[in-house]
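Try each task yourself before reading its solution.

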Amino acid sequence: MGLDGSAYKSRVETMLSWFDEFSDQQRNIFLERLLGSCNVPQMHYLSSALEPVLHESCPHNCQDLISWLPMSISWRILSYLDPVSLCRASQVSACWYELASEPSLWERLARLPHWRPSDKEVQRLINLNTYEETGLVDWKSVFSDMYRLRRNWLQGRYTVRTFAGHTSGISCVQFDDTRIVSGSSDCTIKVWDIRTNTPWCALTLVGHSATVRCLHLCGNRLVSGSVDSSIKVWDLSMDASGCWSSAACRVTMIGHTHTVRCLQVDDTKIVSGSYDHTLKVWDLKSGECRNTLHGHTAAVICLQYDEERIVSGSADNTIKVWRLSDGTCLLTLEGHQDAVTCLQFDSEKIISGSVDCAIKFWSIKTGECLQTLDWVRSEGHRGVVRDLQADEWKIVSAADDKTLKVWSIESGQRLLTLHCHTDGVTCLQFNDRRIVSGSYDKTVKLYDFSAC
């Protein structure tokens, strides 16, 4: 109901006189008690009345906690943000932009395993974003390039170049920063210069008398294996004018009695697998066979080795793990329903692909099958898996269903499917920025994920 006007005015004057006599602490206590007695209408009125005058005598950023704190503490707070949130924070004000541009924040993000590409790619990005005058690294730009690259892989943003010149299907490809090398059923090896926009090959190597089935490019050394049962070592060094006119076959190794289907090379040796059911270890300099590994009961189709082990896959549906030093078979893995066509391994696991259209993960220590990626459960390939490669976070596979697929190595989830070839995809290789693939459609394609 309230009081009448004269009584209300008298009591208000009395309360104000008392309020004038209170100390600051007593006034605060009185206001706290008074606010406790207020209802919603009074609270709403206070909010509206105080808003324009509440910070009238304060500095312009009195409510900005970040800018009032010591910079080291502000950076520590911002270090908990993900990259997108950190970019949004930099748009709040000029002060926040300066704080969010602190190089150590972006260097920390660039060094996180989730975003970090290979060491070679990291070094390339650091060199690209280092100021010549000061030698300082622009870590924000380094991380920006990393982030964009990962996003492009996940969202399927890429450009495609096509290289045509072979007269039969492509059976194998290798590439580096300047060139692609492809082997074909037309018995030739072609070298393509990816620094130019021309789709025509820069060099054709002739020497094999049958289909070139496998290649390994290591610097200026190229090693090839063929249906003619031979292994050839080629020198791809350029002459003084920057041309490959001096490229030539330096060594031919004879020892297998059937198609040389797979090989790998380093500075001292070559390991090869053949349809004659054997693997051979060769001395690179002399061309002599050091050791022959027997154990598979059908063609050896794929292999990989490291300092201690060789792992091979065969048309006998098995994978074998061998000791490199003496050729002893340590483990035989059984589980594929058809020939094992491709594989890759590290210290923990083996990843394999097969004619049965499945990709399997195996424990390299126990031989146990850990996971299977197929069409039914994982939207996998509908055709023979011809080739695969993996890095720290993804697998790329190629198959007779005319597609390449990108998978998460952690979850097995299919991330991306590439439909560019018009026939089965027979081979692939990738690095942090590119995939190169070859197909029965006689073309080589280059997918560039850094160009978008």
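**Exercise 1: an open sheet**

Task: Work out the strand order of the open sheet formed by four strands.

Solution. Step 1: the four strands line up as β1-β28-β27-β26 and pair in the antiparallel sense; strands are DSSP runs of E with at least two residues, helices runs of H or I with at least four, numbered from the N terminus, and two strands pair if DSSP finds at least two bridges between them.

Step 1: β1 (159-164) and β26 (425-430) are the edge strands, each pairing on one side only.

Step 2: from one strand to the next, the twist averages 20°.

Step 3: look at β26 and β27 (residues 434-439), an antiparallel pair with five bridges. Q429 has V436 of β27 as its bridge partner.

Before you go on, note that this is a predicted model, where local features need pLDDT of at least 70 and side-chain atom pairs 80 or more, while totals for chains, interfaces and linings use all residues. Residues are numbered from 1 along each chain as its sequence is written, and side-chain values use heavy atoms, leaving out hydrogens and water.

**Exercise 2: two helices**

Task: Describe how α8 (residues 103-110) packs with α10 (residues 139-155).

Solution. Step 1: their axes lie 8 Å apart, at an angle of about 30°. That is why α8 counts as roughly parallel to α10 (angles under 35 degrees; over 145 is roughly antiparallel, 65 to 115 roughly perpendicular, the rest oblique).

Step 1: P103, W106, E107, L109 and A110 of α8 meet W139, K140, F143 and M146 of α10, with contact meaning heavy atoms within 4.5 Å.

Note on methods:
Axes are lines fitted to C-alpha atoms, for helices over the stretch in contact, and angles run from 0 to 180 degrees between N-to-C directions.
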